[in-house]
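The sequence and the structure are shown first.

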Amino acid sequence: MRGSAQMLMADAGGAPGERLARLIVRESDRLAELVEGYLKLARPPPPNLVATRLDLVVRETLEVLRADPSFASVEVTEVLLPVDALADAAQLRQVLINLLRNAAHAVRGSPVPSLTHASSGGWLRVRTASESGVPQLEVWDSAGSIAADDVGRIFEPFFSKAKGGSGLGLSTVQAIVQAHGGSITVTSSPEAGTAFVVKLKPVA
């Protein structure tokens, strides 16, 4: 379908049909991304669990995301203690990317001034720590914009309040964390912000 639409674009040469062909290409890409996300959710590859430094994975991920225009006006604070966990670094990066992009989207659209820095479009904090021997990763945002009625549903596939969201990002995060033998929890309020806390297995 995408290939046929691209051929139509080339033949249209600026005619009204070119706009429709571009629309088909765009929607084809969106559907392909949606199907790929659903397949990963339905059949996620098993993680390769090895001793992994959580703080280093966070730093590497943030370096990549800081080049993303959506993070241009968002302040990110790092509180990264050296922590080892049994994890698949590649899958853990996907967890971080999904959580951080959601958080950046939330603070950019937040009407709450009390927790948002006036000099930026919002404030995120990423923290790694070990509490009672349990490796933890926390992503916090200043928006606190998840409604109380939605907190219990945000990990459901296709549930999304974001414009243009697929509703698979957080479902994928939960599937990856559970495949690691870990857990993820969320709390959210305009007064305290939103915190996603991932707990993983310690290195024996």
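## Basis of the model

The model is predicted, so that local features need pLDDT of at least 70 and side-chain atom pairs count only at pLDDT 80 or more, whereas totals for chains, interfaces and linings use all residues. Residues are numbered from 1 along each chain as its sequence is written, and side-chain values use heavy atoms, with hydrogens and water left out.

## Overall make-up

The protein contains six helices and seven strands; helices (H or I, at least four residues) and strands (E, at least two) are DSSP runs numbered from the N terminus. Read from the N terminus, the order of elements is α-α-β-α-β-β-α-β-β-α-α-β-β.

Of the 204 residues, 40% count as buried. Buried denotes under 20% relative accessible area, exposed over 50%, and partly exposed the range in between, with a 1.4 Å probe and protein chains only. Where contact means heavy atoms within 4.5 Å, 69% of the contacts between residues at least 6 apart in sequence join residues at least 24 apart.

## Packing of α3 on α4

Two packed helices are described by the angle between their axes and the distance between the axes. The axes of helix α3 (residues 54-65) and α4 come within 10 Å and cross at roughly 55°. Axes are lines fitted to C-alpha atoms, for helices over the stretch in contact, and angles run from 0 to 180 degrees between N-to-C directions. The two helices are therefore oblique to each other, given that angles under 35 degrees count as roughly parallel, over 145 as roughly antiparallel, 65 to 115 as roughly perpendicular and the rest as oblique.

On the α3 side, the contact is made by Leu 54, Val 57, Val 58, Glu 60, Thr 61, Leu 62 and Leu 65. On the α4 side, Ala 89, Leu 92, Arg 93, Leu 96, Ile 97, Leu 100 and Arg 101 take part. These residues divide into ten nonpolar, one polar and three charged; Ala, Val, Leu, Ile, Met, Phe, Trp, Tyr, Cys and Pro count as nonpolar, Asp, Glu, Lys and Arg as charged, and the others, Gly among them, as polar.

## Surroundings of Leu 96

Leu 96 lies in helix α4 (residues 89-108) and counts as buried because its relative accessibility is 1%. Beyond its neighbours within four places in sequence, Leu 96 is in contact with Val 57, Val 58, Thr 61, Val 126, Leu 137 and Val 139. The C-alpha atoms of Leu 96 and Val 126 are separated by 9.4 Å, although these residues are 30 apart along the chain.

## Salt bridges

The whole structure holds nine salt bridges, each defined by a side-chain nitrogen of Lys or Arg within 4 Å of a carboxyl oxygen of Asp or Glu. One of them joins Arg 59 and Asp 55 at 3.6 Å, N to O. Being four residues apart in helix α3, Arg 59 and Asp 55 are separated by about one helical turn. Arg 59 is partly exposed at 35% relative accessible area, whereas Asp 55 is buried at 1%.

Arg 101 and Asp 68 also meet in a salt bridge (3.7 Å, N to O). This pair links distant parts of the chain, 33 residues apart: Arg 101 in helix α4 and Asp 68 in the loop between α3 and β2 (75-80). Arg 127 forms a salt bridge with Glu 138, the closest N and O atoms being 3.5 Å apart, and both residues are buried. Arg 127 and Glu 138 also belong to a network of salt bridges with Arg 125 and Glu 131.
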